[in-house]
Amino acid sequence: MTQLTQLANIARSEFDIEISVDKMLNDISYRQLVISELTQLSHHQITEITTWLSSTETPVSAEIIAPRKSPLLLIFTVIFALFIGVCYFWYTNPITAEQPTEPVNYAKTLTENQISASQFAAKAAKPELSNNSSIVPVTPEIETVFRLHGSNTIGEKLAPLLLEGFLQKQGINDFNWTRNNPLERVLHYRIDDKHYAIELESHGSSTAFTGLKNKTADIGMSSRRIKDSEVTELESIAGHLNKLGNEHIIGLDGLAVIVNQNNAVKQLSSITLAKIFSGEINNWSQIGGADLPIVLYARDEHSGTWDTFKNLVLKKHDKKLSAQANRFESSSKLSTLVSQNEAAIGFIGLNYVLHNKAIAISESQGTSAIFPTRFTVGTEDYALARRLYFYTPTSASNVVKDFAQFALSTEGQEVVSDAGLISQNIKLEQVYPLETAPEKYQYYAKTAQRLSLNFRFDYATKDLDNKGKRDLLRLVEFMEEHQSRRIVLMGFSDSIGAVSKNTNLSLSRAKSVELALTARGIPVLAVEGMGEALPIANNDTEDGRKRNRRVEVWIL
């Protein structure tokens, strides 16, 4: 009896197999079948017991026959065996309310009709499927390849698509995402038997530079340019983050001012917008709308969207955000709430306009109100256009640099467009003549097409900024595919200084672009200096003057 009970216990605990001790005692053929099949499992304890049972077949039989002379003893023995079996089963298989029900029960009750060698072999080969198996599955070691922290505008849609495209370009299609919360997720993928992960956290642009400083991030995502103070602070850790090799303009975005589609207001000046968000203008009727109190929605303090709006609108007019403004970490949530409230106004990335109406914005008196479109944002003519950045340390790994390069490539820029942002791949646009434009500009507007890029320069220099240096390469590639077309370059200046000086400076900048193109085998048909004409931004601010210092590219 003791050996049979021990055998049943081992079969249950090691292989999740139930053996009837009572049936073993009373049915010789069943006992012989069990012994035969269990022996094939090659388990040393089971082998010892089955060998002993086989060698003592007669005594066991006698033990079974003997109780027939004493029915009470037989009944007591059976009851005791059942009691022991039930207690052991209860002890080794506790039932709790939290224990999930397995969809497939691999445990088998060993009966005369169920037992087979194949079932035992399968059970021995896959012990991990057993509820009571002592074998613990090994969790694969996961290597974190790199970590991206920063802008929600980039991290919510664009960065995931870029990461997937980057993996797919390398032939990696076996990947999946896990999410800790709406702004934190991890991309998992596998190469052969190795498991890898890429970490993505999107808590706002300022966290990009905090992460690089603390070395908790390998790539910083920002919807504003790095500040001079941040460059200085991070120089010893990450190198010169404002240099071409470390600063990557991965796309463009328009900071759209959105209202409910039922709002009658169509355009606002920059100063009026500042007064609205500071609370000085607090009813739509004050600016030609319905008699409704204005409800303000703004992004949170960590957001690059907020930082851009603060600097381009509020700070420029010496205003501060109203304490009544509702603040949001999520761009999507802000956009949804504006669409549900006819009194609301908010600012958001261009790809989050969704079910709302974007308002045309004029920079100042003397500049036209411009709607945010893919072309006006691409040329940065729109007052609230902004650049989106990746920042990588000088010491970044090759895979980090490869990923940044992919984002800048033609293929990567298609992903930018798919994400609803503005690609830097060159597009053509027909521009209509402007009454206030110089005569030469009017001529080219009628006969040529404008490209969706502008070259910009630092103050009083002919040096292209980092975007201009990369756009130069894009223009070369574009012209190599359009060899029958000819380029016209038109230079513009800010209004600081004498008119004649600015005309010459605008021509000089346009000629510097011509020199760079001809050095790369791209001929230029004409170069024009337009001086202070057609300002697209306010010359009273440094940012506005920088946007006015531009070279437009046209082709015939």
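## The largest cavity

L252, G378, S423, Q424, N425, S452, L453, K467 and D471 line the largest cavity of this structure, which is a predicted model. Two elements, strand β17 (449–456) and helix α18, each give two or more residues to that lining. Sorted by class, the lining of the largest cavity holds 2 nonpolar, 5 polar and 2 charged residues. The volume of the largest cavity is about 50 Å³, and the structure holds 3 cavities of 30 Å³ or more. Such spaces can be found by calculation, because rolling a probe the size of a water molecule over the atoms shows where empty space is left.

## Helix α18

Helix α18 covers residues 466–481, and at 1.5 Å a residue its 16 residues should span 22 Å; the C-alpha atoms at its ends lie 24 Å apart, which agrees with that expectation. Among the buried residues of α18 are K467 and D471, two residues that also line the largest cavity.

## The largest pocket

The largest pocket contains about 1,200 Å³ of space. Of the 40 residues that line the largest pocket, R225, L312, Y389, D543 and K546 are the closest to its centre. By class, the lining of the largest pocket has 9 nonpolar, 7 polar and 24 charged residues.

## Helix α11 and its cover

Helix α11, which runs over residues 270–278, is largely enclosed by the rest of the structure, because 7 of its 9 residues are buried. The buried residues in α11 are S270, T272, L273, A274, I276, F277 and S278. Their cover includes the strands β8 (247–259), β9 (267–269), β10 (295–299), β12 (344–349) and β14 (360–362), together with helix α12 (304–314). Just after α11, G279 takes a positive phi of about 95 degrees.

## The chain as a whole

The protein chain has 20 helices and 20 strands, and 49% of its 556 residues count as buried. Among contacts between residues at least 6 apart in sequence, 71% join residues at least 24 apart. The accessible surface of the protein chain comes to about 27,200 Å², and carbon and sulfur atoms account for 52% of that area.

Key:
Residues are numbered from 1 along each chain as its sequence is written. This is a predicted model: local features need pLDDT of at least 70, side-chain atom pairs count only at pLDDT 80 or more; totals for chains, interfaces and linings use all residues. Side-chain values use heavy atoms; hydrogens and water are left out. Helices (H or I, at least four residues) and strands (E, at least two) are DSSP runs, numbered from the N terminus. The expected span of a helix is 1.5 Å times one less than its number of residues. Buried means under 20% relative accessible area, exposed over 50%, partly exposed in between (1.4 Å probe, protein chains only). Contact means heavy atoms within 4.5 Å. Accessible areas come from the Shrake-Rupley method with a 1.4 Å probe; for residues, only the protein chains shown count as cover. On a 1 Å grid over the protein atoms alone, a cavity is a set of points where a 1.4 Å probe fits but cannot get out, and a pocket is an open set with protein on both sides within 12 Å along at least five of seven lines; lining residues have an atom within 4 Å of a point. Grid points are joined across faces, edges and corners, and a volume is the space filled by probe spheres set on the points. Ala, Val, Leu, Ile, Met, Phe, Trp, Tyr, Cys and Pro count as nonpolar, Asp, Glu, Lys and Arg as charged, and the others, Gly among them, as polar.
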